[in-house]
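This briefing describes a single protein chain for a reader with a computational background.

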Amino acid sequence: MIRYIKKLSPGRIIALGFALVIFIGSILLVLPCSVKDGVTVRYIDSLYTSTSAVCVTGLVAIDAGDSFTAFGQFVLGALIQIGGLGVTAVGAGIIVAIGRKINLKGRTLIREAMNLDSGRGLVRFVKSIFLTTLIFELSGAILSFTVFVQDYSPLRAAGISLFHSVAAFNNSGFDILGNFQNLIPYQDNVMLNLVTCGLIFFGGIGFLVIREVWTKRFRWKKLSMHARVVISVSVTLIIAGGVLIKATEDVSWMGAFFHSVSARTAGFSTYPLGEFGTPALLILTALMFIGASPGSTGGGIKTSTFFVILQGIKSAATNKPEKAFHFAIPKQAFRKAATVAILAAMVVFTGTYLMLVMEPDISLMDALFEVTSAFGTVGLSTGITPGLSDGSKLLSIIIMYIGRLGPVTVASLWYFTKDKHTSYAEGNIAIG
């Protein structure tokens, strides 16, 4: 078995790792010690919840606060943490912690999982990931505690605060407040809104960008093109999304910007989305599809992919070279970005079609929103998730899994043989 695993490509090992954690989590979540007395959790719902946690999504078929005991909620939080950091990074962290060295295969896995260009300094990078996560989540838990302690006992408030901080930084929209209420009771609480948005934002820009911003002492001109693109696109999407949501929905400015941030793969909500109109849901769908940034805890096609596609279109329309922030964009970047976007659109389209076939009573907008949320590992929903059939839940499980791994990675899993380098005469094809 070990020999077989060693022969697998990094992408397949990562995919198997996520699948194994999901399976183990689904078993743990149906144990009697995980489920509250009088509550029945079916295995399909346990599998759905485990997948949603490991894929840092936040879509829920059953309410975590009403269904799971403290142990079950701890398991759920652990699955979110493992899924956010990545199975590979967690495994590497354990190896480093016990004093073992990471071999060449392990270094290749980390580089593949974290979208790194080289294998240099991987151990330091893994250590910085865990330190960064600890700082942000602990700070978020302390600040959130000042809010939750006003409504719960100190011990309960501490548990809710820690769970919320882990979920927010890992861009997973789970909550343990009960009754499927999410953060709606705190829609006017400035502190919790700001803390949650801060955790989501930094978790979504990626560990590479966080480390670069810190080492470059926040000097914009010293940052790489990748860091500038990620930060500028993220801020632009937050502002544009907030303004458009406010223009189409009767929500506060804080609520509009909160949902603009949350739609970028976090999944928390302070207003019932089932009451939102189609224009606002369409904006949220677009934000969910774009998602977070490479090397982060979030999903979607990623901000850099979206930026490269826009620059490629601009270059084709103006016949000018693709560039950004005084850097030339790599020639292969547009091809890769277009591949990612097209595969993602195919997954969302196919998933929406299949869900509409299995759920004829739901609207096109609700189905599209649900599937895009699953693919972007967001967790926002118009409220249809608990009522989905087992077939639709299984469909969402597959889509969440694809969204967490990435459509290109999933597509590459089926590649077994190397094609012989055969040259063909160049043909002609009309475009546009």
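Against which helices do the buried residues of α14 pack? They pack against α12 (225-248), α13 (253-262), α15 (303-318) and α17 (364-375). The model is a predicted one, in which local features need pLDDT of at least 70, side-chain atom pairs count only at pLDDT 80 or more, and totals for chains, interfaces and linings use all residues. Residues are numbered from 1 along each chain as its sequence is written, and side-chain values use heavy atoms, with hydrogens and water left out.

**Overall composition**

- The protein contains 19 helices and 2 strands; helices (H or I, at least four residues) and strands (E, at least two) are DSSP runs, numbered from the N terminus.
- Of its 432 residues, 53% count as buried; buried means under 20% relative accessible area, exposed over 50%, and partly exposed in between (1.4 Å probe, protein chains only).
- Among contacts (heavy atoms within 4.5 Å) between residues at least 6 apart in sequence, 68% join residues at least 24 apart.
- The protein exposes about 21,400 Å², of which carbon and sulfur atoms supply 66%; accessible areas come from the Shrake-Rupley method with a 1.4 Å probe, and for residues only the protein chains shown count as cover.

**Helix α14**

- Helix α14 (residues 278-290) has 13 residues and reaches 18 Å from its first C-alpha to its last, close to the expected 18 Å; the expected span is 1.5 Å times one less than the number of residues.
- Its buried residues are Ala280, Leu281, Leu284, Thr285, Leu287, Met288 and Ile290.

**Nonpolar cores**

- A nonpolar core is a set of buried Ala, Val, Leu, Ile, Met, Phe, Trp, Tyr and Cys residues joined through side-chain atoms within 4.5 Å.
- The largest such core has 74 residues, and Ile80 and Phe268 have the most contacts inside it.
- Helix α9 (residues 154-169) supplies the largest share of this core, 7 residues.
- Apart from this core lies another, of 28 residues, among them Tyr271, Leu287, Ala341 and Phe369.
- Not counting residues up to four places away in sequence, Ile80 touches residues including Ala53, Val56, Phe163 and Phe174.

**Nonpolar surface patch**

- Leu20, Phe23, Ile24, Ile27, Val30, Leu31, Tyr43, Phe71 and Phe74 make a nonpolar surface patch of about 810 Å².
- Patches are made of residues with over 30% relative accessible area and no salt bridge; like charges are joined within 9 Å, nonpolar side chains (Val, Leu, Ile, Met, Phe, Trp, Tyr) within 5 Å.
- The largest share of the patch, 4 residues, comes from α2.
- Phe74 lies in helix α5 and is exposed, with a relative accessible area of 59%.

**Salt bridges**

- A salt bridge is a side-chain nitrogen of Lys or Arg within 4 Å of a carboxyl oxygen of Asp or Glu, and by this rule there are 4.
- Arg42, Asp45, Asp390 and Lys393 are linked in a network of salt bridges.
- Asp390, in helix α18 (residues 390-405), and Arg42, in the loop between α2 and α3 (43-54), are 348 residues apart.
- Asp45 is buried, with a relative accessible area of 7%, whereas Arg42 is partly exposed at 39%.
- Glu212 forms a salt bridge with Lys216, the closest N and O atoms being 4.0 Å apart.
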